[in-house]
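Good morning, and thank you for making time for this item. I would like to take you through one protein model, from its overall make-up to a few individual residues. Please look at the display as we go.

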Amino acid sequence: MPVLVYEHMHVNEGHLQGSLPCLYLTEKVVAVLKRVVHDAQDGREVCGILGGGILKNNMMIATVVNDLSNISELSGCFAIAVDEILRSQSTIEDSGLLSLAIYHSHPSGSTRPSPRDTKLPQITGLLSLILADDGGKLLMECYSDVEGKLTSIRVALLTQ
Ligand SMILES: [Zn+2]
């Protein structure tokens, strides 16, 4: 059984059998996200889709990162062309995986959702993962839409 650790959080098997939803990220996915967030230039937000699988009811494991173009002209904002999202989702699904989450970064260093961000999970039907770089440490917050209500989802690192 892999050990699951994210920052201060230690996930044990008891959690695995629980029904609380959780998004697990592989070390490779975390490394890629860390790099793209760190490399973002001039206060630009970066964005993309995470693909992976669902192990049990509420246990999602992201194994691939597909970055997408942020077409917003404003810094501190992001927008993705719908056809690019659909293309990326097809690529993920053609490889036998599921589209799990849309991620974007906050150059401000805070993972708090903006008023627009609070609507993302409902609009996209996917999890929304907000990333921020805190002096080299990657911060992550994940949200889901549960019957119209924005709900925080745990994020954990899957280590082998
Ligand atoms: Zn945002």
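**Confidence and overall make-up**

The model is a predicted one, and its pLDDT averages 84 over the protein, with 87% of the residues scoring at least 70. The exception I ask you to keep in mind is residues 1-17, where pLDDT stays under 50. For that stretch the model has 19 contacts beyond four places in sequence. Where pLDDT is low, the predicted coordinates should not be read in detail.

The secondary structure consists of four helices and nine strands. Read from the N terminus, the order of elements is β-β-α-β-α-β-β-α-β-α-β-β-β. The protein has 160 residues, of which 31% count as buried. Of the contacts with a separation of 6 or more, 64% are between residues 24 or more positions apart.

Let me turn to the core. Which residues of the largest nonpolar core touch the most other members? They are Leu23, Leu50, Ala62, Ala101, Leu127, Leu129 and Cys142, in a core of 36 residues. At least two residues of this core come from each of strand E3 (22-26), helix H2 (27-39), strand E4 (47-56), strand E5 (59-68), strand E6 (98-105), strand E7 (127-134), E8 and strand E9 (149-159). The largest share, five residues, is supplied by E9. As a general remark, nonpolar side chains tend to be buried together in soluble globular proteins.

Leucine 50 gives a view of this packing. Setting aside residues up to four places away in sequence, leucine 50 touches Val29, Ala62, Val64, Val65, Leu100, Ala101, Tyr103 and Leu129.

Next, helix H2. Its 13 residues reach 18 Å from the first C-alpha to the last, close to the 18 Å expected at 1.5 Å a residue. The buried residues in H2 are Val29, Leu33 and Val37. They lie on the same side of H2, because they cover an arc of only 60 degrees around the axis. In general, an α-helix has 3.6 residues a turn, so residues three or four places apart point the same way. The buried residues of H2 pack against E3, E4, E5, E6, E7 and E8. On the face turned away from the buried side we find the exposed residues Glu27, Ala31, Arg35, His38 and Asp39.

Just after H3, glycine 96 takes a positive phi of about 85 degrees.

Serine 144 is found in strand E8 (residues 137-146). Is serine 144 buried or exposed? Serine 144 has 20 other C-beta atoms within 10 Å and is therefore buried. Beyond its neighbours within four places in sequence, serine 144 is in contact with Pro21, Pro121, Leu127, Thr151 and Ile153. Glycine 125 is 19 residues from serine 144 in sequence, and their C-alpha atoms are 8.3 Å apart in space.

Glutamate 147, by contrast, is exposed, since 6 other C-beta atoms lie within 10 Å. Glutamate 147 sits in the loop between E8 and E9. Its phi is positive, about 50 degrees, although glutamate 147 is not a glycine. Most residues other than glycine have a negative phi.

Thank you; I am glad to take questions.

Notes:
Residues are numbered from 1 along each chain as its sequence is written. This is a predicted model: local features need pLDDT of at least 70, side-chain atom pairs count only at pLDDT 80 or more; totals for chains, interfaces and linings use all residues. A residue is buried if 20 or more other C-beta atoms lie within 10 Å of its own, exposed if 12 or fewer, and partly exposed in between; C-beta atoms are placed from the backbone. Two residues are in contact if their C-beta atoms, placed from the backbone, lie within 7 Å. A nonpolar core is a set of buried Ala, Val, Leu, Ile, Met, Phe, Trp, Tyr and Cys residues joined through C-beta atoms within 7 Å. The expected span of a helix is 1.5 Å times one less than its number of residues. The arc is that of the directions from the helix axis to the C-beta atoms. pLDDT is the predictor's confidence in each residue, from 0 to 100.
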